[in-house]
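Let's take a walk through this protein together, starting with the whole and then stopping at a few spots along the way. Keep the view open as you read.

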Amino acid sequence: MVKKQGTNAGGDTAPHAPSAVALRRATGRLSTAATTRMEADLPWFADLRAEERSWVGQIVQAGIRSFVDWYATPDSSHKSAIAAEVFGSAPRALTGVISLRQTVDLIRLSIEVVESHVDEIVRPEDSADVHAHILRYGREVAFATAEVYARAAEMRGAWDARLEALVVDAALRADADDAALSRAGALGWTERGSVCVVLGTAAPQRPAGDLFEDVRRSARTAGMDALCGLQGDRLVVVLGGASGDTTAAQTILDHFGPGPVVAGPLVSDLHEARRSAQEALAAHGAAAGWPAVPRPVAARELAAERALAGDPLARQFLIEQVYAPLATTATLADTLTAYFSAGQNLEGAARALFVHPNTVRYRLRQASSATGLLATDPHDALTLQLALVLGRQEAASGSDDL
């Protein structure tokens, strides 16, 4: 028995065959018409490089060929391969050249071109059926397009995460050279002002990608840039455009897990981030020595604990920023010493100094103005006493060297 033309392997008539043949013969003409329409109707198409226009043309041709095959196939096995057939002819890099919106415009235009030429290509009795299939095919391609861009976004997100980790690591290791700054710029870093490093325990059971995005969103709301990294269970955030250490830390506080959240001092730019990070790391490690530590806390508020833990930067800070202002006026250092020796009792200090208690009170206010520390506050008192000890040791060591 001779098989009739237009039947499938099972002997059933393939009703789409004649129109599919006609459409396949017209593929070149349809592709040319689509390209002409793109040049006329899509302004961005003319701005592409020749190679990129060629990629777009390949997509259009592949899309038209794919529709013809899709229409001609009686079963649905071909439909799952639409993404590969339409977009496989162009490199994935094209998703970084034209946007999802532009791709949708491109697909819509191609479908319109096919629709506008159908009636002159297929048999009149098949026209309505072909138009119906074009609508269905447009829906399938739309889903395929979304899938391609979603996968590209996932890949780009994974690359950005690796790039961000490199930038944060470079900043913490004082390797933030021009290459690191360029990478930071690719991640949206705008170098808008002072930089500080904030760190603490990462929120438990939070995927890093979600956590970082939440931190960046909070930072952007406050007018800052943010670069994030994980070091073990510790979340490290480099903030740009910070107006104050604890002020900046407060804006992202909710994204940290339990325990101390420490803000390093403000530095001028990303090149100097290592200094802020170094102090923040030392403070975070020493924070256990202050049971009532505020959250967040500035690294320099933990200068006493850091100095006791052997941090040389904290010792230097206490000598230069706390002891030195007191030493310029001998009565301030002597008054503080008498005050602490008397168990923080004004009358006892006044008797030891042979002055009126109001004089002691006045000098304590002067000391607070010079250092920013209150002798009446338990933690500030510890910092002041340690600064006096370290400063005098340093002064004595300097005298011995002479």
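Start with the big picture: the protein has 402 residues, and 44% of them count as buried. Keep in mind as you look around that this is a predicted model. How do parts of the chain that lie apart in sequence come together? Take the contacts with a separation of 6 or more: 66% of them are between residues 24 or more positions apart.

Now zoom in on a pair of strands. To see how they line up, find Gly 229, which stands opposite Val 236 in β3. Then follow the chain around the hairpin of β2 and β3: there are 2 residues between the strands, and here Gly 232 takes a positive phi near 65 degrees. One thing to bear in mind while you're looking at strands: in a regular strand, the side chains alternate between the two faces of the sheet.

Next stop, a single residue further along. Arg 306 sits in helix α12, which spans residues 303–308. Is Arg 306 buried or exposed? Its relative accessibility is 1%, and since anything under 20% counts as buried, Arg 306 falls in the buried group. What does its side chain reach? It comes to 3.0 Å from the backbone oxygen of Ala 299. Setting aside the neighbours within four places in sequence, Arg 306 also has quite a list of contacts, including Glu 279, Ala 282, Ala 283 and Ala 286, as well as Arg 300, Asp 311 and Leu 313.

Arg 300 gives us a handy link to the last stop, the second largest pocket: Arg 300 is among the residues nearest its centre, along with Glu 301, Gly 372, Leu 373 and Asp 380. In total, 14 residues line this pocket, and the space in it comes to about 190 Å³. Two elements give two or more residues to the lining, namely α13 (312–327) and α17 (378–401). Of these, α13 gives the most, with 4 residues. And what is the lining made of, by class? There are 5 nonpolar, 5 polar and 4 charged residues.

Key. Residues are numbered from 1 along each chain as its sequence is written. This is a predicted model: local features need pLDDT of at least 70, side-chain atom pairs count only at pLDDT 80 or more; totals for chains, interfaces and linings use all residues. Side-chain values use heavy atoms; hydrogens and water are left out. Buried means under 20% relative accessible area, exposed over 50%, partly exposed in between (1.4 Å probe, protein chains only). A polar contact is a pair of N or O atoms within 3.5 Å; within protein, one must be able to donate a hydrogen and the other to accept it, and residues adjacent in sequence count only if both atoms are side-chain atoms. Contact means heavy atoms within 4.5 Å. On a 1 Å grid over the protein atoms alone, a cavity is a set of points where a 1.4 Å probe fits but cannot get out, and a pocket is an open set with protein on both sides within 12 Å along at least five of seven lines; lining residues have an atom within 4 Å of a point. Grid points are joined across faces, edges and corners, and a volume is the space filled by probe spheres set on the points. Ala, Val, Leu, Ile, Met, Phe, Trp, Tyr, Cys and Pro count as nonpolar, Asp, Glu, Lys and Arg as charged, and the others, Gly among them, as polar. Two strands pair if DSSP finds at least two bridges between them.
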